[in-house]
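Open the model in your viewer and keep the selection tool at hand. The stops below say what to pick next.

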Amino acid sequence: MVSQAEIDRLRLEADTILTRYQQVEQALDQARSESGDHWETGELTVSLDTPRGETIDVTLDLDADPASNAQSRYERAKDLEAELERKQEIVGQLAPFPADPVAYLICYHLDAVKGNYPRSMAGHLDAQRDHVESLCEEMETAGLLERVESGTVKQRRVKAKQADEVRQHHTYYRLSREGDHLLRFLDEPDGQLNVLRHLPDGHTLVRRLARGGPDYPRMTAEELDLEFEYVRHLYRALRQIGLVTEYEGSTIKGTERKLKPKDETHRKHTYYVTTDRGDETLRRLEES
């Protein structure tokens, strides 16, 4: 895993090698003239005092001179730093977004209907009205949503309403340009990877399905000691993003479901499974 600590370690080792150049050179020359396990590994571990006076163990490439040993560490640290900056930049794109599955569902809903007000959204999403109102205000402040100007809301622009036009008695919201860009980002592999870092328990749910097979929200909530409504919305958000999908069969075979093994399960609930995209995103996250 890329971390600032690893970058700092590599640079400290490189600085130490150059500071103790003669000592390193002598250790390499001596090892090359002696038999030992270092010939099998091609590496030699030596204890060196850092510029700060601390003693560290440094593993050297037996075939490289001190300068090359140091340079390889500087180059590796530079590559890791670039990767870390890229990951932080990706995380930064979701930084203003509430880490709440209902916030994701609001954005996808507004993308579909082009505009709506919190009470109506709460009904569509089966969520609490005050919670939706709070999230809309937070996302407006973050620049992800914008209020529709007062007056008449045209039906052609607001698909959630059936009348030709609607007198605006409520506060309507729609996606801003930044919100639209965010949804586009969530359709990219890096965006989906970032969702598993951003959404609390998102990684846990996707990993649970990938390793245990089909599961339904109430069982997940009970076994993970989470609120049922939260888990239900989390599954729905992950489905919108494309990381999980609903299980389509009426009967789940025992080989498919390791969470609660039995020969077969007749589906009485809405079960979810990971998509190919979800499996790949999970693999990338756990290898990063």
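**Stop 1: helix H13**

Select helix H13, then helix H9 (189–198) and helix H10 (202–212); both are among what covers the buried residues of H13. Helices here are DSSP runs of H or I with at least four residues, strands are E runs of at least two, and both are numbered from the N terminus. This is a predicted model: local features need pLDDT of at least 70, side-chain atom pairs count only at pLDDT 80 or more, and totals for chains, interfaces and linings use all residues. Residues are numbered from 1 along each chain as its sequence is written, and side-chain values use heavy atoms, with hydrogens and water left out.

Now colour Gly-278, Thr-281, Leu-282 and Leu-285, the buried residues of H13. Buried means under 20% relative accessible area, exposed over 50%, and partly exposed in between (1.4 Å probe, protein chains only). Look down the axis of H13: its buried residues fall within an arc of 100 degrees, so they line one face of the helix. The arc is taken from the directions from the helix axis to the C-beta atoms. Turn to the other side of H13, where Asp-276 and Glu-287 are exposed.

Stay on Glu-287. Its salt bridge partner is Arg-283, with the closest N and O atoms 2.6 Å apart. A salt bridge is a side-chain nitrogen of Lys or Arg within 4 Å of a carboxyl oxygen of Asp or Glu. Both residues lie in helix H13, four residues apart, about one turn of the helix. Arg-283 is partly exposed, at a relative accessible area of 36%.

**Stop 2: the cores**

Which residues touch the most other members of the largest nonpolar core? Select Phe-97, Tyr-104, Ile-106, Met-139 and Leu-238, out of 46 residues. Such a core is a set of buried Ala, Val, Leu, Ile, Met, Phe, Trp, Tyr and Cys residues joined through side-chain atoms within 4.5 Å. Helix H5 (residues 101–113) gives this core its largest share, nine residues. A second, separate core has 14 residues, including Ala-14, Val-24, Leu-28 and Leu-60.

**Stop 3: across the sequence**

Select Arg-11 and Glu-81. Their side chains meet in a salt bridge (2.9 Å, N to O). Arg-11 lies in helix H1 (residues 4–19) and Glu-81 in helix H4 (residues 66–94), so the pair ties together parts that are 70 residues apart in sequence. Finish with Glu-6, Arg-9, Glu-13 and Arg-73, which are linked in a network of salt bridges.

Notes. Contact means heavy atoms within 4.5 Å.
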